Amino acid sequence: MNDLEQADRLNDLEPADFRALTQALKYCVLLHDARTYDILWANQSACDLLEWTVDELKPLKAPDMSKNARQYSRELGHRWLGQAVEDGVSATEWCYRSKSGEEILTEAIAIRVDLPSRPVVMVQFRDIAEEKAVRRDLFRTEGRLRTFLGNLAEGIVVLDDDGGVVFASESAAKLLGVDVPALHGADFADYCRDGAVPEREGRYRLGAPGGEARWYAVTCQDIDIESDLRGRLLLFYDITDRVRAEEEHRRDTQHMNHLARYNAMGDMAMAIAHEVSQPLAAAYNFVEGARGRLAAGDESVAWGLDNAVRQIERARRILGSLRQYVGRLEQSEQLTDLNTIVEDCAYFIDVSAQQHAVDVEFDLTDQPLPVRCENVLIGQVVMNLAFNAIDEMAGWPPGERKVELTTRRTADGNAELAVRDHGRGLPADLPGDRIFDGVFTAKENGSGIGLALSHRIITRHGGRIHAAGNQPQGAVFRFALPLVPAAALSEEDHA
């Protein structure tokens, strides 16, 4: 159908038809005289909204049906309608006042229409009070959300399939040290100091190119918000201080382990120096005696040389034991039996006890005590507790110098070693939890570092160490390590 045919169809409509169409409009319509601006007519929607009939509207002026405010004065109303007369159309926001006094904010459009009878201004308007309220709420919510996002401790970015930034919160830009516009559209891989863009939860180093890299905890998830915002969402927050603290703790642990090994080597060196000196001196005397008898042809020469060989062989075994011990210093945790560790330390404990004429008794359980540990470090704890007990008993009368080492399997699934002495016991004014903090020592020239190191070693292995009074007198030092479950032992044997 062409334009002429459509025009012919419209010409078939009667004036009453056009009036009915206008009355059916949901938009409110007021007709004003283009010269006087008097109201000529109103459709039903306008009458319903303003609560006036057409006859009641006709004599009304702007002050009668507008909000009592300067921006809705008669002069400004005439200026608005006059602009429509001159330019053909003019739009504004106008606040009408209904017959009952209700103020109605509207969006109004004035259009000049040249009717056959006269020119008029047709004003179309609609109530936008609710829409304005919703818009204000949305604006307020958006402002609050922008404030929240800008002050979050976490950064938020959304990446497209190629790793480009399609959204970035202000907090994300602050954390990375850039502006939001610079981050938007950027390749996020440029901010990832460890290579690929994060695809799973974890720790990553992030930072602007050329800036400082910091550690962040990152979580990832895919989002698709009504096809408007889709991609991979990264939520990240700064954990640099935590990572540095963990690294410092790791260095401290390594340093403490080094001190423990150094202390162990010092004790071993002292014991070996003492023990090796005796067989070597004896060997020297035997050899010298044999030499003196060679000229006389004394048969005892052979006896002397044989004893010299045996003493030298003893020294060789001692040195071999030392080499074997030192060779295990750098091994990591391994599965072993606590009884085996105590047995490996027994020789050195006996050497120290013999120097002070202290009787040491070993009461090791027949039950297996499988533990996973660093043998040398746990051995150092065993010897440290035993040496302390021996040193404590060295000053007592010979018949009372006694130390006991016992092992057992506890009811709560631990392997326990206890070292008992019968000396002065623990100080009454020192709480038990401070025995291992480096302030307690019973030695005249002691520093207390041995017990502190022992506590650090045992707790690092997931165990516990405790000191208490012994009955009827003395002290007992215990430590316990978690037993390896039988199922785990079976799996390792199978492997």
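In this predicted model, D190 is partly exposed, with a relative accessible area of 47%, and its place in the chain is the loop between α9 (180-183) and β8 (202-206). Together with D161, D162, D187 and D222, D190 forms a negative surface patch.

The C-alpha atom of L105 is separated by 9.0 Å from that of K67, although the two residues are 38 apart along the chain. Helix α13 (residues 375-393) spans 27 Å from its first C-alpha to its last, close to the 27 Å expected for its 19 residues at 1.5 Å a residue. Because 17 of these 19 residues are buried, α13 is largely enclosed by the rest of the structure.

Side chains of opposite charge can pair when their charged atoms come close, and the count of salt bridges in this model comes to 23. One of them joins R214 to D238, with the closest N and O atoms 2.6 Å apart; this pair links distant parts of the chain, since R214 lies in strand β9 (residues 214-225) and D238 in strand β10 (residues 229-238), 24 residues apart. D238 itself counts as partly exposed, at 29% relative accessibility.

Another salt bridge, between D412 and R464, has an N to O distance of 2.9 Å, and it connects the loop between β14 (402-409) and β15 (414-420), where D412 lies, with strand β16 (residues 464-469), which holds R464, 52 residues apart. D412 is partly exposed at 48% relative accessibility, and R464 is likewise partly exposed at 45%.

Terms used
Residues are numbered from 1 along each chain as its sequence is written. This is a predicted model: local features need pLDDT of at least 70, side-chain atom pairs count only at pLDDT 80 or more; totals for chains, interfaces and linings use all residues. Side-chain values use heavy atoms; hydrogens and water are left out. Helices (H or I, at least four residues) and strands (E, at least two) are DSSP runs, numbered from the N terminus. The expected span of a helix is 1.5 Å times one less than its number of residues. Buried means under 20% relative accessible area, exposed over 50%, partly exposed in between (1.4 Å probe, protein chains only). Patches are made of residues with over 30% relative accessible area and no salt bridge: like charges are joined within 9 Å, nonpolar side chains (Val, Leu, Ile, Met, Phe, Trp, Tyr) within 5 Å. Accessible areas come from the Shrake-Rupley method with a 1.4 Å probe; for residues, only the protein chains shown count as cover. A salt bridge is a side-chain nitrogen of Lys or Arg within 4 Å of a carboxyl oxygen of Asp or Glu. Lys and Arg count as positive and Asp and Glu as negative; His and the chain ends are not counted. The place of a charge is taken as NZ of Lys, CZ of Arg, CG of Asp or CD of Glu.
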